[in-house]
Amino acid sequence: GVGAATGITAAPTQLIGYDRQHVMHGFTNLDRDLAPGPIFQSGKGIRLVDVEGNEWLDGCAGQANVSLGYGRDELADVAASTLKSLAFGTHFYHNRSHVWASQLADRLADITPSGIDQFFYGVGGSDAVETAIKIARFANITNGRPDKIHIIGRMNSYHGVSYGGASMTGDHAMWANIGPLLSGFSHISQPEIGSVGAASALEEEILRVGPENVAAFLAEPISTPNGLYCPPDDYWPQIREICDRYDILLIADEVLCGIGRTGKMFAIDRWNVSPDILTISKAITAGYFPLSVVGVTERVRAALSASGEKFVHGVTNGGHPAACAVALATFDIMEREDVVGQAVRGGNYFAQQLGKLADSQPILDKSTARSTGMMVAINLKLDEYGDEFGVRVHEEFVRRRVLVRSYRNNRTIGFLPALTIVNQDIDAIVDRVAESIDATRALLGV
Ligand code: PLP
């Protein structure tokens, strides 16, 4: 066993039982998917310890948010001291705010793409996407364009679980069994690898719906569900140009890509493109506190206020003092430790090691070993080896206590570890991946 965790009075076996009996796990069928999983209680760096004392390697930084690793006292201490100063503060209404929200907004204005300098606080990615959609619609509706409310997204995308976020998400599973989605949405396809001119799909969709009806295009600069492929060089500049031509807002969902993940502070910076609206969450607090931010340009802010109507929106815990304080401390650490540079160097090393592994593991497609910063992936040759291999190998990852991501029906193995992961820990993850593949080959006799 492991040492006692703060506030926990029950024994490990009881805790496992309570989880089975009472915790409703997300993204699962509560009856079908009953295979027991780890119940964590502590972490340091990329290592997690579960309630039974087992050590796990976290190759996905929690939900791609624990960008500086677990066990950073500095971040925990900042949260504690802020809570002692001010347990709660709001920025609802024009006449109140708090010092952390204020300081963080100034810092964000410096680091976000040029033109973004107004910030709306929330608690998570889903509400940030919701805020962005509402802003885009409100800006048109209050300025005499009530029909210009359609939002175009992309298939193979993820934008959260609120009805707006689920509607924007390009995944049939997210649309099933929850009744009517929002109206006024459609989805185009993602750019093919190495393609040229793929942004024309957006123009075609705008013309189909009618530019007078389209408020915004919302997309992740680099999509995870699509398999962690970096879009072609011409894609985002052309998307920007098309949006400008038809007076359509460009919303970059940087909830996962933002704050260093892709080796730039924001993924869209890679193309020198500035969006009109930007969503941020996850790594802004390195996962130590819930926070989201929606950034907009002066032009969008002006459109929001021009009519004199109130933008009636906001969530109670948005921009919580402790969250903003942790975000400031996260930026301090990122600067001090050149975390964005580390993401590039570490990601390159990780992809290289996966390529080497492919030399001895023919199920891995060596040509697909790739990284954009610390977004790292390699493909399994399931066409050759069968879909069963993809299912089994992921079971072996769990058995060997390494947490990785699967995309495209297990075809892509994705790694989104802490940006600060050291090479030795990358090697440890790659070793466990190798062992898992060996075990699966033995199991299936291939
Ligand atoms: N947008 C993107 C691009 C995401 O990756 C996610 C979460 O993974 C979300 C939105 C939703 O964020 P949350 O889970 O914090 O609601």
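Ala, Val, Leu, Ile, Met, Phe, Trp, Tyr, Cys and Pro count here as nonpolar, Asp, Glu, Lys and Arg as charged, and the others, Gly among them, as polar. By these classes, the shell around the ligand holds four nonpolar, seven polar and two charged residues. The structure is a predicted model. Of the 13 residues around the ligand, Gly124, Gly125, Ser126, Gly160 and Leu256 come nearest. Helix α5, residues 125-141, supplies the largest share of this shell, with three residues.

The protein chain splits into two domains. Domain 1 covers 12-71 + 339-444, and domain 2 covers 74-336. Their centres, taken over C-alpha atoms, lie 27 Å apart. The contact draws 23 residues from domain 1 and 21 residues from domain 2. On the side of domain 1 that touches domain 2, two or more residues come from each of α2 (61-64), α12 (339-360), β11, β12 and β15 (412-415). The largest share of that side is given by α12, with five residues. By class, that side has twelve nonpolar, nine polar and two charged residues.

An open sheet is built from seven strands. Their order is β4-β10-β9-β8-β7-β5-β6, and the pairing is mixed. Strands β4 (116-122) and β6 (185-188) are the edges, each pairing on one side only. From one strand to the next, the twist averages 20°. Within the sheet, β9 (residues 277-280) and β10 (residues 292-297) run antiparallel and are joined by four bridges. Here Leu278 faces Gly295, which lies in β10. Strands of a sheet pair through backbone hydrogen bonds, either parallel or antiparallel.

Two helices pack on this sheet. Helix α10, residues 298-305, touches β4, β8, β9 and β10. The direction of α10 makes about 90° with that of β10. Helix α9, residues 235-245, packs on the sheet as well, touching β7 (214-219) and β8 (249-253). The direction of α9 makes about 145° with that of β8.

Several residues of α9 are buried. They are Tyr235, Trp236, Gln238, Ile239, Arg240, Ile242 and Cys243. Their cover includes α8 (200-209), β7 and β8. An α-helix has 3.6 residues a turn, so residues three or four places apart point the same way. Just after α9, Asp247 has a positive phi of about 55°.

A hairpin is formed by β11 and β12, with two residues between the strands. In the turn, Gly373 takes a positive phi of about 60°. Strand β11 spans residues 364-372, and β12 spans residues 375-380. The two strands run antiparallel and share five bridges.

Glu395 sits in helix α14, residues 387-399. Glu395 and Thr440 are 45 residues apart along the chain, yet their C-alpha atoms are separated by 9.0 Å.

Note on methods:
Residues are numbered from 1 along each chain as its sequence is written. This is a predicted model: local features need pLDDT of at least 70, side-chain atom pairs count only at pLDDT 80 or more; totals for chains, interfaces and linings use all residues. Two strands pair if DSSP finds at least two bridges between them. Axes are lines fitted to C-alpha atoms, for helices over the stretch in contact, and angles run from 0 to 180 degrees between N-to-C directions. Two residues are in contact if their C-beta atoms, placed from the backbone, lie within 7 Å. A residue is near a molecule or strand if its C-beta atom, placed from the backbone, lies within 6 Å of it. Domain bounds come from an automatic or database domain assignment. A residue is buried if 20 or more other C-beta atoms lie within 10 Å of its own, exposed if 12 or fewer, and partly exposed in between; C-beta atoms are placed from the backbone.
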